[in-house]
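Keep the view open as you read.

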Amino acid sequence: MGAGLDELQRIGLKLFAIDGAAVRPRELVPVFHRWIQQRALSDQLLVDVADYEHVPDGPGVVLVAHGGNFSLDLGGGRMGLAYNRKAVSQGALLDRLSAVARTTLAACRLLEEDPALGGRLRFRGDELQVFANDRLRAPNTPETAAAFGEVLQQFVRKLYGDVACTVTADADPRERLGAHVKAAQPVIPSQLIERLG
Amino acid sequence: MTTTWKEQLGERVPPEWGREIDIFETQIQLKKQGKVEDKVFAETRLRRGTYGQRYDNGQRHDGITTRTLDYPSGGLLKGPDTLWDAPGMQRIKIPFGGLNPEQMEVLADLAEEYADAICHVTTRQDFQLHYVHIDDTPDIMRRLAAVGITTREACGNSVRNVTACPLAGVCRDETFDVTPYAQAVMRFLLGHPDTQDFGRKFKVALSGCRQHACGLTTMHDLGLLAVKKTENGVEKRGFEMTVGGGLGAVPYQAKLFDEFVPEEEILPLAQAISRVFARLGEKRNRARARIKFLVKNLGIEELKRLVLEERAKLPADARWTSYIETVSRHAEHPLKPAAPLNGAARPDGYDEWARSNIYRQRQPGYCVVTVALPLGDITSRQMRQLASIARRYVGDTVRTTVEQNIVLRWVREADLPALYGELCAVGLAAPGAQTVVDVVACPGTDTCKLGIASSRGLAGELRHRLVAKGVELDEAVQGLHIKISGCFNSCGQHHIADLGFYGVSRNIGGYQVPHFQVVLGGQWDQNAAAYGLAIGAVPSKNIPAVVDRLTERFVRGRQGAETFQQFCQRIGKKALKGILDEFTKVPAHGEDPSYYSDWGDPREFTTGDMGTGECAGEVVSLAEFGLADAEREVFEAQLLLESGDFAPAETRAYHAMLSAAKALVRTELPDVGDDADRIVQEFKARFVDTEKFDREFASGKFAQYLLRGHEAKGRAATAESAHQLIEEASLFVEAGHACQVRFAQQKGPAAAPASQVISLESLA
């Protein structure tokens with residue numbers, strides 16, 4: 001693995017909504033404000049909420065936190081919950097990826113169980129997007145993509161066990177380094193949480 | 001192995017800019033070590049466009065109570081009452097709004113990596129990134145510098161972004177293209193020694209014509225409007241120069257300084273105005289420190305006399321006129337040869353979009369296309385895609401606008417349908433540019449510390465409702481401008497809108513209720529020739545109904561081709577107030593609690609989150625800045641010594657003393673310049689021989705450190721000699737600080753450090 005990837009901290013992960021039309025992104029504004037009030041994610045310093053629903057295919061509604069931002073993301077025309085880690089975490093890249101996944105899955109579970117949403121917002125466990133949000137340490141080049149792909153394979157094995165998965169690198173070199181993971185059979189997010197431990 | 005952006009970008013960063021950013025990074029380190037005063041660091045970062053943001057004092061009202069945000073950096077501050085880890089805003093100056101695709105891609109990447117993946121266009125053609133950590137700002141600045149963008153003086157008490165009409169050069173009725181002049185003004189004033197000691201910001205705008213909104217020169221500190229004059233049969237270019245305009249809480253129309261300033265005189269006069277403003281402008285009361293108050297106090301004639309007197313004394317500078325020879329060479333080149341539309345098939349929606357978003361250039365066969373951005377926002381992905389579109393259709397001819405949009409210039413007509421299709425594909429083909437749906441708003445309570453009510457929340461709501469009405473809207477209504485500010489400071493430019501709003505608060509039954517003052521009758525055209533007046537405050541939740549009612553009355557009661565401004569004047573304020581009256585009532589909290597929260601924010605409304613604004617910057621004297629620089633140089637000398645570079649360490653230590661001495665000399669002799677011999681000579685005469693420097697310290701011994709160091713320049717250096725000189729430099733700089741504090745105390749409160757000065761704005 002390249003030395004740049006060793007130091008990669010800005011990692012993002014997005015889980016897709018099963019039905020992107022089930023909620024309006026703006027419905028998340030009061031939900032996220034309540035999370036701040038109730039410190040719903042106890043290991044996160046939640047700061048503020050930003051509403052970008054007016055921007056097509058954008059970050060939707062953002063829950064700004066010190067460690068990283070959560071957003072009901074509309075990028076690529078698909079609603080999902082994205083978590084973009086900003087602060088430094090410890091451990092190897094695989095550990096950092098796993099930590100980001102744990103945080104994202106915890107937020108997804110909270111949304112699925114949120115009384116204001118009445119169970120309308122549910123997430124797929126069989127598909128996710130991973131990205132490296134750092135063009136210095138992880139430029140979107142074939143070399144870095146290959147090195148990142150190796151770690152990603154380990155991460156996918158950890159997350160999906162024996163379930164067959166395809167990992168497809170995001171091809172556009174102007175975009176940040178990223179990959180799309182798709183499992184061959186249905187998986188629910190709670191299974192992923194269990195596997196991550 | 002590349003490990004830093006500094007190494008990665010290498011020589012792509014212009015050396016001078018790279019050095020400035022290195023210095024800023026060192027200042028960040030020094031601040032973390034507690035070696036820089038809070039207010040000095042605040043003004044330092046502000047002058048690099050690095051702002052604080054709402055809640056950065058670590059307190060946030062969550063709708064129930066005010067909670068402390070426990071950041072990991074604890075009590076470390078990046079300014080008075082501003083926590084280090086709290087998210088901040090980075091403003092990025094885009095002179096006259098000019099952009100190229102490479103710059104757009106970098107902006108997109110920066111927003112994605114360091115902010116929230118949104119690039120926000122401001123009402124002064126800047127970009128802003130929000131939720132940025134200060135530790136990331138040096139890399140942001142390096143990546144921008146590598147594509148020719150500096151954030152220097154994007155904030156603070158300095159010359160802000162130089163703005164200009166986005167149609168300059170392609171406008172059908174401009175006098176001439178002001179672009180090269182805007183470039184020249186920006187380059188000349190950026191970092192100029194005479195613009196470093198203002199009590200407040202200074203904004204410059206250039207217009208190519210009088211009749212349109214153009215550059216909005218009448219609301220700027222310095223406005224330059226293109227005019228021509230024929231003398232002895234020879235046509236000369238020049239500018240109508242106006243001074244002292246500004247919006248803010250109390251708006252002022254600029255005063256005519258001279259109806260014709262020849263092109264070769266605009267830079268020296270701008271310099272002379274800067275000197276007079278720095279010398280006589282208010283420093284203690286920042287609420288009255290803009291040049292508009294100086295113009296008001298002195299009168300424009302007296303100000304002009306002082307400026308011309310100063311102009312006569314200025315040492316000649318080749319830059320005043322050297323740019324003029326480049327003016328005639330300035331030209332934008334279209335990427336493709338002109339070609340007409342010629343009845344090509346037009347996709348669905350094209351005609352509606354074309355009605356509002358296309359402007360035919362004076363160059364036949366070409367158009368300017370406005371990409372209307374909702375609330376001035378564009379995502380990183382959209383920005384990258386727009387860069388790609390620009391690269392294929394127009395090249396380097398992109399500009400931002402003060403209406404928070406982006407324009408693509410030099411689109412050939414034949415390409416319009418295809419371009420529209422591509423913009424549709426990336427969600428950037430919204431029609432209604434510069435119409436009533438193109439609502440302008442400052443950040444307000446979303447991110448601004450001064451915001452009272454949610455300007456963006458209201459703007460989003462109005463836009464949503466107006467777009468839904470679409471073609472039903474009367475043509476007279478479609479041409480109106482709506483502008484919204486979160487507070488009275490007018491960053492949303494509410495004074496120059498047909499329908500302007502600014503956030504206020506009212507106490508109803510023991511609860512705070514968000515309201516907006518309704519400002520009617522402002523004029524957008526003719527460079528914002530008239531300002532509207534506040535008619536009354538209406539609860540925030542009733543503003544959409546107010547817009548409906550006012551526009552209905554306008555459509556029904558309009559006489560002939562009367563404008564909204566003329567309509568307001570004709571029916572009068574009493575009648576206008578009467579229209580608002582029924583909307584001013586607020587139901588009791590128990591009856592309808594929705595009135596007690598703001599648009600887009602479900603928390604119970606409070607003004608408790610307001611902080612002290614940073615737009616005003618910190619009043620830090622030039623001497624304080626110079627001494628802070630000297631301190632930084634001592635630190636750099638220590639680093640050089642540590643790495644075994646003894647001679648450079650000595651040079652840097654000596655230079656630290658020279659910087660400190662210069663800082664003090666400039667308090668008496670602003671034009672001392674950079675020549676070391678001159679600085680030392682003046683320092684000796686003014687501070688050593690008079691015993692003003694370090695009489696309390698070791699009988700003047702510290703002053704001798706500089707004098708000896710100056711004589712010994714270039715000697716062979718050893719670890720020991722470098723170490724000793726660094727120790728001496730450290731003591732010399734300390735003595736400089738003591739000297740500066742003593743002078744400030746002797747001069748009285750007006751010259752006291754800013755931390756002791758009460759700002760009326762903070763009280764407001």
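Are B:Glu112 and A:Arg176 buried or exposed? Both are buried, with buried meaning under 20% relative accessible area, exposed over 50% and partly exposed in between (1.4 Å probe, protein chains only). Before going on, some ground rules: this is a predicted model, where local features need pLDDT of at least 70 and side-chain atom pairs count only at pLDDT 80 or more, while totals for chains, interfaces and linings use all residues. Residues are numbered from 1 along each chain as its sequence is written, chains are lettered from A and ligands numbered from 1 in the order in which they are written, and side-chain values use heavy atoms, leaving out hydrogens and water.

Back to that pair. B:Glu112 and A:Arg176 meet in a salt bridge at 3.9 Å, N to O; the term covers a side-chain nitrogen of Lys or Arg within 4 Å of a carboxyl oxygen of Asp or Glu. B:Glu112 sits in helix α4 of chain B and A:Arg176 in the loop between β7 (165-169) and β8 (177-183) of chain A, so the pair joins two chains. (Helices are DSSP runs of H or I, at least four residues, and strands are runs of E, at least two, numbered from the N terminus.) The two also belong to a salt-bridge network whose members include A:Glu175 and B:Arg384. Those two pair up as well, their closest N and O atoms being 2.6 Å apart.

Now zoom out to the whole interface. Eight salt bridges run between chain B and chain A, and the contact (heavy atoms within 4.5 Å) takes 46 residues from chain B and 32 residues from chain A. Together the chains bury about 3,500 Å², 53% of it on carbon and sulfur atoms; that area is the accessible area (1.4 Å probe) that two parts lose on being put together, summed over both. B:Glu112, B:Glu113 and B:Tyr131 supply 17% of what chain B buries against chain A, more than any other three residues.

For a contrast, look at A:Arg85, in strand β5 (residues 80-85) of chain A. A:Arg85 is buried yet has no salt bridge, and the nearest side chain of opposite charge, A:Asp43, is 7.3 Å away. The side chain of A:Arg85 does reach the backbone oxygen of A:Ala87, at 3.2 Å.

Finally, B:Asp581 and B:Lys577 form a salt bridge at 3.9 Å, N to O. They are four residues apart in helix α19 (residues 564-581) of chain B, so about one helical turn separates them.

Key:
Lys, Arg positive; Asp, Glu negative; His and termini not counted. Polar contact = N/O pair within 3.5 Å; in protein donor to acceptor, adjacent residues only side chain to side chain.
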